[in-house]
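Subject: Structure for your review

Dear colleague,

Please find below the structure that I am handing over to you. My findings follow directly after it.

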Amino acid sequence: MGKTKIIVLFIILSSGMVSAQESIYVRPGLITSTATISPSLMLNRKEVNYYVTGFWHVRIDKNLSFRGEGHYLTGGNRDIPYFRNNFRAHFGVQYHKSVKNFDSYIGFMPGFSILQLTDDRSIGDQQMTRFVPGFSANIGVSYYVWKYFNFFANVTYLNTTARGVTQTNNRADELMISAGIGFNINAKKER
């Protein structure tokens, strides 16, 4: 047997032994959280916003978790942006499909925004703070590389309509992309 075949065979056998000994971190009781900077494309305007995004989720079952997330506006790419200030919060359930430590998920979360619009002509020169109900839908993946952290990527659709605005288009839907390192712990002992 040639040296190349021996090296390839060694790598295959070694990787088989490592994967056989690999701990599975994705199970009920897993608590995951993160914070990252997320760009967001407004779907009804030519505008990109940037948010500090944080989320956490608690795995309550093999395929279900409860998730909460918050998004705080830090700025955008326009001189006169649509939002002056914006904070969003959503809470809901996610469905997971996991293979070992690779986890994919999809979820729906009702929530709200507390926002101020830059060009709010409904009350003159004063800035009106609005409480706006909405919802978000997200899809994402995580890979748990160690019992304390993971890598994730997530795409979220955020639905918002600012009611009572004199502007013709009061839709403020956004498509947000988040990615980075998440932190996790298992709150339940493995059986």
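In this predicted model, strand β3 (residues 64-76) is joined by 9 bridges to strand β4 (residues 83-99), and the two run antiparallel. One of the bridges can be located by its residues: H71 has R88 in β4 as its bridge partner.

Two arginine residues are placed over aromatic rings. The charged end of R67 sits over the ring of F55, at 3.9 Å from its centre. R45 lies over the face of Y82, and the distance to the ring centre is 3.6 Å.

Turning to the aromatic residues, a search of the whole structure gives 9 aromatic pairs. Among them is the pair of Y82 and F83, with 5.2 Å from centre to centre and 70 degrees between the planes. This pair is classed as edge-to-face because its angle is over 60 degrees. Are these two residues buried or exposed? Y82 has a relative accessible area of 7% and therefore counts as buried, the cut-off being under 20%. F83, with a relative accessible area of 2%, is likewise buried.

A further edge-to-face pair is that of W146 and Y148, whose centres are 4.8 Å apart and whose planes are at 75 degrees. W146 has a relative accessibility of 42%, so this residue counts as partly exposed. Y148 is also partly exposed, at 40% relative accessibility. W146 and Y148 belong to a cluster that ring pairs build together with F149 and F151.

Finally, I draw your attention to the open space in the model. The largest pocket holds about 200 Å³ of space. How many residues line the largest pocket, and which lie nearest its centre? The lining consists of 11 residues, and those nearest the centre are Y25, R27, K147, N186 and K188. Sorted by class, the lining comprises 5 charged, 4 nonpolar and 2 polar residues.

With kind regards

Methods. Residues numbered from 1 in each chain as written. Predicted model: local features only at pLDDT ≥ 70, side-chain atom pairs only at ≥ 80, totals over all residues. Heavy atoms only, no water. 1 Å grid on protein atoms, 1.4 Å probe; cavity = no way out; pocket = protein on both sides within 12 Å on 5 of 7 lines; lining within 4 Å. Points joined across faces, edges and corners; volume = space filled by probe spheres on them. Nonpolar A, V, L, I, M, F, W, Y, C, P; charged D, E, K, R; others polar. Phe/Tyr/Trp six-rings, centres within 6.5 Å; stacked < 30°, edge-to-face > 60°. Buried < 20%, exposed > 50% of the residue type's maximum accessible area, 1.4 Å probe, protein only. Lys NZ or Arg CZ within 6 Å of the ring centre and 35° of its normal. Pairing = 2+ DSSP bridges. Helix = DSSP H or I, 4+ residues; strand = E, 2+ residues; numbered from the N terminus.
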